[in-house]
Amino acid sequence: MTVALRVAVLVFVAAVFQVGAVAGSRVLGAEPDLLLVVLVVVALLAGSITGAIAGFAGGLLVGVMTLDTLGTTSIVLTVAGYWAGRYGETTGRGRPYAAPLAAFAITVLATPANVALHFLLGQPVSAGAAFATLIPTAIVNSALAFGLYPLCRRFLASPDRLGGRAREVEVV
Amino acid sequence: MGGLVALALVLVTISFREDGSGPLADAQSAAASALRPLQVAADRVAEPFRDAYAWGEGLAHARTDAKRLQRENEVLRQQYVRARLAEQENARLRSLLRFRSGPRFPEGFEGVAAEVIYRPPGAYAQAIVVAAGRDDGIRVDDPVVTAQGLVGTVSRVGSRTARVTLLTDDQSAVSATVLGTEAAGIVRLGQGPRAPLRLVRVPKEAVVKVGDTVVTAGWRSRRFSSLYPQGILIGRVTSVGRADTDLFTQVQLEPFADLSSLEAVLVLVPSDRAAGTP
C-alpha cells in the first residue's frame, strides 16, 4: 500500500470517527478533534503538500457527512495541514514534541478561523461556546497527538521517506 | 495549497448559493447517505470506550459529589429543623391568638402570651417557668391557659419570669362543673398516668357520663371568688365510678391541654390590671 493510500485511509477513518463518534463528546471539559490531530500528525510525517491535500479531503468528508456548507472545513484544514507539513519539513523535524506542539497551536488557530468563516457565511455560531473549550481542547488534542504520532508513523511506515532510522549505509 | 484553497472557496460559494437544492447539494446528500453506515459503525465501535470513560469519570466525581452532597444534606437538615420549629411555633402562636380573640376567651381578662422557657425534669415537679412576669402585669394565682384548655396557676412571679404550677400538681385544686349538668366538684391530681386528673366531691346523684366536658366553675361569693374565670375547658371525663359505700361519685378526667409538651401559654391577667401595665 502506498503512503498516499495509507494517508487516505487514515484521514477517511479519522473523519468518519470524528463525525460518528467523537463529535459532541466531552473529555475533561474539552471537545477533541480527532481529524485535526490525525491531519497534523500525517502532515508532520508526510509533508506539507500531502498535509494540504489530506486537509482538503478530510474537510470535504466532514462537510459531506454533516451536510454543512461544503468547503468551509476544507479551507481551514487545508491551511492547517499545509502549515503542519511545513513545520515538519523545517523546524519540527526530529523533535519529539513537534506533534503535540503543532496540534496545540493549530487547534488554537483553527477554532477562531472556523468561527470566523461560519460568521462570514451568516451561519449561526457561538463564539463564546467555541472559545470556552478552546484551551482544554487544545491540551487534549495535544495529548492525542502525542499518543497518535508513533502509531501513525508505524502505519505510514516508509523509513526513508518519513525520517526513520537508517538500516544500511551505501558508500557512493 | 493555493489551488486547494481556491477549490474550497469555489465549493463554499456553490454550496452556499445552492442552499440545499442543486446538483452539489444532491451529491452531498447522496454521499452523506452512503457514509451514514460507516458513521454508525464508528459510533458502535467508540461506544464501549465512551461508556468506559463516562464510568471512570463518574467514579472520579463520585467521591467529590458524595462529600458535597453530605455537606448540603447537613445544611438542609439544619434548615429543615429550623423551619419545622418555626412552623410549630407559628402554629402555637396562631392558636393562642385565635383563642385570645375568640368567643371562648373569658371576659374581663387579657391574655399575656408567654413562651415556656423551662420545664423542671422529673415526674414530681409539676411546674413550668414562662418568659413573662411582674413587668407584664402577672401576679401570683393568675390562671394560665392554652387554646386547648386550663394549664394551671402562677405560683411564683419574678420581674420577667413566672413559675406556673400545673393542674397535675398535688397542691392544685380547681372548682369545676360538668358542662350540661348540675354536677360540680373540685379537680385534683389523679391517681395514675391514664387519668391524670379527677373530679372529687361530685354528689352521688349527679349525672355524669364518660365523654362529658369539665370546665371551670368560676364561682363568686360576697367576699371570695374563684381564681379561675368561668367556662375554661379543663378536661374530658374518661371514667365514672359509683360504689355503694362511697359518698361521692368517682370521676376521672383527661386534661384537654397537653401538659407534657407545653411550648407557649397565655396568662390571664384581669383587664383592669393589664390596663395599668406599661
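Which residues does A:Ala103 touch, not counting residues up to four places away in sequence? They are A:Val37, A:Val40, A:Asn141, A:Ser142, A:Leu144 and A:Ala145, where two residues are in contact if their C-beta atoms, placed from the backbone, lie within 7 Å. This is a predicted model, in which local features need pLDDT of at least 70 and side-chain atom pairs count only at pLDDT 80 or more, while totals for chains, interfaces and linings use all residues. Residues are numbered from 1 along each chain as its sequence is written, and chains are lettered from A and ligands numbered from 1 in the order in which they are written.

**Confidence**
- The model scores ipTM 0.70 and pTM 0.51.
- Chain B averages a pLDDT of 83, and 94% of the residues score at least 70, pLDDT being the predictor's confidence in each residue, from 0 to 100.
- Within chain B, confidence is highest in strand E3 (residues 143–145), at 93, and lowest in helix H3 (residues 271–275), at a mean of 75.

- A:Ala103 is found in helix H5 of chain A, helices (H or I, at least four residues) and strands (E, at least two) being DSSP runs numbered from the N terminus.
- A:Ala103 counts as buried because it has 31 C-beta neighbours inside 10 Å; a residue is buried if 20 or more other C-beta atoms, placed from the backbone, lie within 10 Å of its own, exposed if 12 or fewer, and partly exposed in between.
- Although A:Ala103 and A:Leu39 are 64 residues apart in sequence, they are 9.1 Å apart in space, C-alpha to C-alpha.
- The largest nonpolar core has 64 residues, of which A:Val38, A:Leu39, A:Val40, A:Val41 and A:Val42 touch the most other members; such a core is a set of buried Ala, Val, Leu, Ile, Met, Phe, Trp, Tyr and Cys residues joined through C-beta atoms within 7 Å.
- At least two residues of this core come from each of H1, helix H2 (34–46), H3, H4, helix H5 (98–120) and helix H7 (134–155) of chain A and from helix H1 (2–18) of chain B, and H2(A) gives the largest share, 13 residues.
- A second, separate core holds 46 residues, including B:Leu150 and B:Val208.

**Contact between the chains**
- Chain A and chain B each bring 23 residues to the contact.
- On the side of chain A that touches chain B, helix H1 (3–22), helix H3 (48–66) and helix H4 (72–89) of chain A are the elements that give two or more residues, and H4(A) gives the most, with 6 residues.
- By class, that side of chain A has 16 nonpolar, 7 polar and no charged residues, where Ala, Val, Leu, Ile, Met, Phe, Trp, Tyr, Cys and Pro count as nonpolar, Asp, Glu, Lys and Arg as charged, and the others, Gly among them, as polar.

**Strands of chain B**
- The secondary structure of chain B comes to 3 helices and 12 strands, and buried residues make up 28% of its 278 residues.
- A closed barrel of 6 strands runs E6-E7-E8-E11-E10-E9 in chain B with antiparallel pairing, two strands being paired if DSSP finds at least two bridges between them.
- Strand E10 (residues 233–241) and strand E11 (residues 248–255) of chain B pair in the antiparallel sense over 6 bridges, and B:Val240 has B:Val251 in E11(B) as its bridge partner.
- Strand E5 (residues 162–166) of chain B is mostly covered, with 4 of its 5 residues buried.
- E5(B) pairs in the antiparallel sense with strand E4 (residues 150–157) of chain B over 5 bridges, and the two form a hairpin with 4 residues between them.
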